[in-house]
Amino acid sequence: MDRLVVGISGASGVIYGVRFLEIASRLPLEIHLIISEAGRKNLEIETDYTAKDLEAMAHRVYDPGDLGAPVSSGSFLTLGMVIIPCSMKTLSGVANSFNDTLLIRAADVSLKERRKTVLVVRETPLHLGHLKLMERVTESGAVVFPPIPAFYHKPKTIDDIINHSVGKVLDQFGIAHHLFRRWGEMGA
């Protein structure tokens with residue numbers, strides 16, 4: 001079974017991470033989860049979910065301070081990593097290889113091993129420093145993925161909008177899903 005590392009940082013929009021885990025946990029994937037302390041706090045602020053709810057959707061959960069965890073080594077094979085949502089602090093850590101937490105170290109490993117690394121950056125508006133960090137991680141091989149909604153599939157609910165972004169992240173890893181109708185599948 002393929003392994004995927006999922007990180008949840010302290011950015012607003014933690015529901016994207018929740019929904020990603022809900023979907024991914026039903027797929028033939030081995031989910032390795034890291035939730036930052038700020039991610040846990042935002043989970044409490046923005047949702048009715050608990051960290052235990054999210055941990056139940058993963059095969060393995062890591063303490064964000066455990067720099068000796070398997071996901072901190074390139075010899076631990078994975079499809080790659082997604083940080084959903086990704087705060088500006090986490091983006092900065094990844095962009096600068098500032099490996100002081102397992103979340104950032106795991107992303108650094110994913111990048112150095114040339115594995116798919118998707119950062120679902122949640123911030124607006126952006127200043128030049130943010131854009132330069134995005135440029136730096138892109139040059140390192142990451143995919144910067146702001147969850148900007150599309151409307152061609154005619155979303156009717158917030159869930160439809162969330163599902164579209166989560167589906168597009170799954171697309172980045174080549175993982176099949178039916179979370180939204182694709183362009184050209186709309187019918188006449």
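Here is a short chat about the salt bridges in this predicted model.

Me: Happy to look at this with you! How many salt bridges does a search of the whole structure find?
Reply: A salt bridge here is a side-chain nitrogen of Lys or Arg within 4 Å of a carboxyl oxygen of Asp or Glu. In this predicted model, local features need pLDDT of at least 70, side-chain atom pairs count only at pLDDT 80 or more, and totals for chains, interfaces and linings use all residues. Residues are numbered from 1 along each chain as its sequence is written, and side-chain values use heavy atoms, with hydrogens and water left out. Searching the whole structure gives a count of seven.

Me: Nice. Which residue forms a salt bridge with R3?
Reply: The closest N and O atoms of this pair are 3.2 Å apart. R3 counts as partly exposed at 26% relative accessibility, where buried means under 20% relative accessible area, exposed over 50%, and partly exposed in between (1.4 Å probe, protein chains only). The partner of R3 is E30.

Me: And what is the N to O distance between R40 and E55?
Reply: The side chains of R40 and E55 meet in a salt bridge. R40 is partly exposed at 22% relative accessibility, and E55 is partly exposed with a relative accessible area of 22%. The N to O distance is 3.0 Å.

Me: One more, please: which residue pairs with R182 in a salt bridge?
Reply: R182 is partly exposed, its relative accessible area being 29%. The closest N and O atoms of the pair are 2.8 Å apart. The partner, partly exposed at 25% relative accessibility, is D171.
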